[in-house]
Amino acid sequence: MNAPKEKLSFKTNSELMARRLAALPKGVGQGHALFAERAENAEIWDVEGRRWIDFCAGIAVVNTGHCHPRVVDAARQQLSTFTHTCFQVVAYESYVELCERLNAAAPGSTPKKSFLVNTGAEAVENAVKIARAATGRSGLIAFGGGFHGRTMFGMALTGKIAPYKIKFGPFPGEIFHVPFPNALQGVSEEDSIAAIERLFATSIEASRVAAIFIEPVQGEGGYVPAPLGFLRRLRALCDTHGILLVADEVQTGVARCGRLFASEHYDVEPDIITMAKGLGGGLPIAAVVGKAQIMDAADVGGLGSTYAGNPVAVAGALAVLDVVEAEKLCERSMVLGERMRARFEAMQA
Ligand SMILES: Cc1ncc(COP(=O)(O)O)c(C=O)c1O
C-alpha cells in the first residue's frame, strides 16, 4: 500500500499543450511549453521527468523555495483543523497575528494597520479604495512601464499597453502616467518630477490627486530600481500636496530585494504598501499595509472578500515570515544579488 505510486501512463508536454490549447482561451499565456510534475526548492521536474532550475519562481513568488517544509507543514496542519470560515463572518487569531507582524515590520514609525486579500491586483484595488476614502480625492498617478495587475484599476494604473490593456478599455478615469526614472531610456529623476509638476499644471490639480502608485523596483517594466533619491523626492512632493504615496511591493517584497520591504532601502515611509506573491510562499495571499489613520478611512463592511486571508494561506504566510528570519533570506538575497551583478557586469565588459 505504501509503495511509491507507479505512473501508469506518461504524458508529454506537447500532448498536454494540445489539450490546454483546446480547453483554455488563448489570452491565458504560458512562458514555457512545460507542465510541472513536482517542485522542490529552486527546481521543477516536468511531466517528462526533466529537471529545470526555476529562475522564474512563479513570477517572484516562491522566495522561500518551492514546497519549503515549514510552509507545507503549517498549511497541512491548518488544513486538518479548518479551511475556511470567512474572516468577516467568524474570525481566527492567525489572521490577526499576520497583520500584527506586518504592521511591526513595515517601514517607518507611524502606527500601522493591515488587512488581507487574495492577490496582488486585489491589494492594488483596495489601496485605491482606501486612498480615495482617506483623501476624498479621485485622481491617481502611476508610472510608464509600471505593472499593477489585471483588474480594472490594476490595468488602468499599469503603464504598459501590450499585452495587458489591449482591447480591455475604457478604463476608470482620472488616472495619469508619468515616465519612470530610467537612465537607459534617458529619463532622469528630475524629468519624472517635472512630468508630475506638468500634470498638475495641465491635467489635474494636485489637490484632487489621491495617490501616487510606484513600484520601488519596476518588475514588468524591466527590473529597474527607482534611483535612491527619487522616492524621497516623491515623498516630499506628496507631503507638500497632501497626496498619499503607495508603494506597490507585490513583487519587490518579502526578501526579494534584500529587505522585507524594498522601500526600506530608500528610508521612506509609504502611506500604503501592497504585498502579495512571496508572502504566501506559493499559497494565494496578499496584504494592504498602511498608516493606521489612513487605513481606517473605509467604513465597516467596505473591505474584505469571501476568501481574503484564507486560514491555510495565512498559516503559510506566517511560516514564510519565520523562514525569512531563520534562514536570513534578506542577507542571502543581497549576497546572491551582488554575485549576479558582478557576473553580469563582467559579461557586459
Ligand atoms: C508590482 C505588481 N503589482 C501587482 C501585481 C498583480 O499581482 P497578481 O498577479 O497577484 O494579481 C503584480 C504581478 O505581477 C506586480 O508585479
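Me: Into which domains is the chain divided?
Reply: In this predicted model, the chain is divided into domain 1, covering 9-55, and domain 2, covering 74-337. The C-alpha centres of domain 1 and domain 2 lie 30 Å apart.

Me: Why are helices H3 and H10 called roughly antiparallel to each other?
Reply: Helix H3 (residues 69-79) and helix H10 (residues 311-326) pack at an angle of about 155°, with their axes 8 Å apart. Angles over 145 degrees count as roughly antiparallel. H3 and H10 are therefore roughly antiparallel to each other. Their crossing is right-handed.

Me: Which residues make the contact between H3 and H10?
Reply: H3 contributes Arg70, Val71, Ala74, Ala75, Gln78 and Leu79. From H10 come Pro311, Val312, Ala315, Gly316, Ala319, Val320, Asp322, Val323 and Ala326.

Me: How many residues of each class does the contact of H3 with H10 have?
Reply: The contact of H3 with H10 has 11 nonpolar residues, together with two polar and two charged ones. Gly counts as polar, and Gly316 of H10 is part of the contact.

Me: What makes E1 and E3 the edge strands of their sheet?
Reply: The open sheet has three strands in the order E1-E2-E3, with antiparallel pairing. Strand E1 (36-40) and strand E3 (51-53) each pair on one side only, and these are the edge strands. Neighbouring strands of this sheet are turned by 25° against each other on average, direction ignored.

Me: How do you know that E1 and E2 pair?
Reply: Pairing requires at least two bridges between two strands. Four bridges join E1 to strand E2 (residues 43-46), and the two run antiparallel. Ala36 stands opposite Asp46 in E2.

Conventions
Residues numbered from 1 in each chain as written. Predicted model: local features only at pLDDT ≥ 70, side-chain atom pairs only at ≥ 80, totals over all residues. Heavy atoms only, no water. Axes fitted to C-alpha atoms, helices over the stretch in contact; angles between N-to-C directions. Parallel < 35°, antiparallel > 145°, perpendicular 65-115°, else oblique. Left-handed = near helix turned anticlockwise from the far one by under 90°. Contact = heavy atoms within 4.5 Å. Domains from an automatic or database assignment.
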